[in-house]
Amino acid sequence: MIHPLDLKYSRQMLFEPLGRDGQERLSASSAVLVGCGAIGASAANLLVRAGIGRLRILDRDFVEPSNLQRQSLFNESDAREALPKAVAAERNLHLINSDVQVEGIVADLTPRNAVELLQGSALILDGTDNFETRFLINDFAVKTGTPWIYAAAVASYGLTMTILPGKTACLACLLDSSGTSGLEETCDTIGVLGPIVNLIASLEVAEALKLLSGRLSSLHGRLFSCDVWSGRFQSVHPEVNPQCRVCVHHQFSYLSGNALPHITMCGRDSVQIHERSRSLDLKALQDRLASSVSEVRQNGFLLRFLIPPYEMTVFTDGRAILKGTKDPAVARSLYAKYIGM
Ligand SMILES: [Zn+2]
């Protein structure tokens, strides 16, 4: 009788650095994926096919037709039904490899639920679309000593790095959170190509396979960046920042909730997002949004646009009011999509 591992993973076990021992470890391992958009869907697909033991998938969004160009796990039926991505991912991944325990959770990762949702997994994978959530993951990972893999892509460009708390630089070593103020380009304003998200997800999962199979000496330890349009590939070895807020001074301000933008109800059926104080260039924002949303207007003090059924009003100090919902998760999601974090 053929062993179940031989049946499914023979080609992977033939790969000498992994072998049967590596596959057994991988098949007994668990990871949590935060965000199941383009990078997340591709990473989940690869991990489940490779035979990870358990995969928890967190996502706050639902499938839309505009996702299908790059989000390889979803189909037209998911978009027609506007299924939550966590639900569609769990369903579709079960059809791919029913031996893997996939748990899709429809949730927005916040300081309040981070410990509950992230603890117990050997690895955290980045599939998010905003730095607020990445800094939250980084706080949790450094505090608990959990490895995580940073991954991001926009337009034709992307980057990824494996973060081993206590051994490598962390995300805050690379990016001071105050340095992320101002307009950030997002997939919803300047677009994104399928090839870059699949490439970054592939690099992310290759590192995940090493970590989950116990092949830590094979981790490359580099911040890898590439642009599939220009063909520019680069990798550097980041050093720990001796002044790092998180991994040196152990200030977990995102995890404690102190760095979260406050979201409050604002009149009937509206939510106000008090973003970290920053100065927005409304004209630049208007130009950027013109092709992706309707009826963008601005008067120098505020900018307003429609994302039916919602209307968003953004102020020069970074504050925004979203009309049409009382759900803070919806407000945060749309703010991250259209304004950037
Ligand atoms: Zn650090």
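Student: Which residues of helix H11 (residues 282-289) are buried?

Tutor: This is a predicted model, in which local features need pLDDT of at least 70, side-chain atom pairs count only at pLDDT 80 or more, and totals for chains, interfaces and linings use all residues. Residues are numbered from 1 along each chain as its sequence is written, and side-chain values use heavy atoms, with hydrogens and water left out. Helices (H or I, at least four residues) and strands (E, at least two) are DSSP runs numbered from the N terminus, and buried means under 20% relative accessible area, exposed over 50% and partly exposed in between, with a 1.4 Å probe and protein chains only. On these terms, the buried residues of H11 are Leu 282, Leu 285, Gln 286 and Leu 289.

Student: What arc do the buried residues of H11 cover around the axis?

Tutor: The residues concerned are Leu 282, Leu 285, Gln 286 and Leu 289. The arc is that of the directions from the helix axis to the C-beta atoms. These residues lie on the same side of H11 because their arc is only 100 degrees.

Student: What is the arrangement of the four donor atoms around the zinc ion?

Tutor: Donors are N, O and S atoms within 2.8 Å of the metal (3.2 Å for Na, K and Ca); here they are the SG atoms of Cys 170, Cys 173, Cys 244 and Cys 247, lying 2.2 to 2.3 Å from the zinc ion. Four donors count as tetrahedral if all angles lie between 85 and 135 degrees. The angles in this site are 99 to 122 degrees, so the arrangement is tetrahedral.

Student: How many residues apart in sequence are the parts that Cys 170 and Cys 247 tie together?

Tutor: The donor residues follow the spacing C-x2-C-x70-C-x2-C. Cys 170 lies in the loop between strand S6 (157-163) and helix H8 (171-174), and Cys 247 in the loop between strand S8 (232-236) and strand S9 (262-265), so the parts they tie together are separated in sequence by 77 residues.

Student: What is the angle between the planes of Phe 131 and Phe 135?

Tutor: Rings of Phe, Tyr and Trp (its six-membered ring) pair if their centres lie within 6.5 Å; planes under 30 degrees apart count as stacked, over 60 as edge-to-face and the rest as tilted. The search of the whole structure finds six aromatic pairs. Phe 131 and Phe 135 form a tilted one, 6.1 Å centre to centre, with the planes at 40 degrees.

Student: Which peptide bond is cis?

Tutor: Most peptide bonds are trans. Pro 309 lies in the loop between strand S12 (302-307) and strand S13 (310-315). With omega near 5 degrees, the cis bond runs from Pro 308 to Pro 309.

Methods. Tetrahedral: all angles 85-135°; square planar, octahedral: opposite > 155°, others 65-115°.
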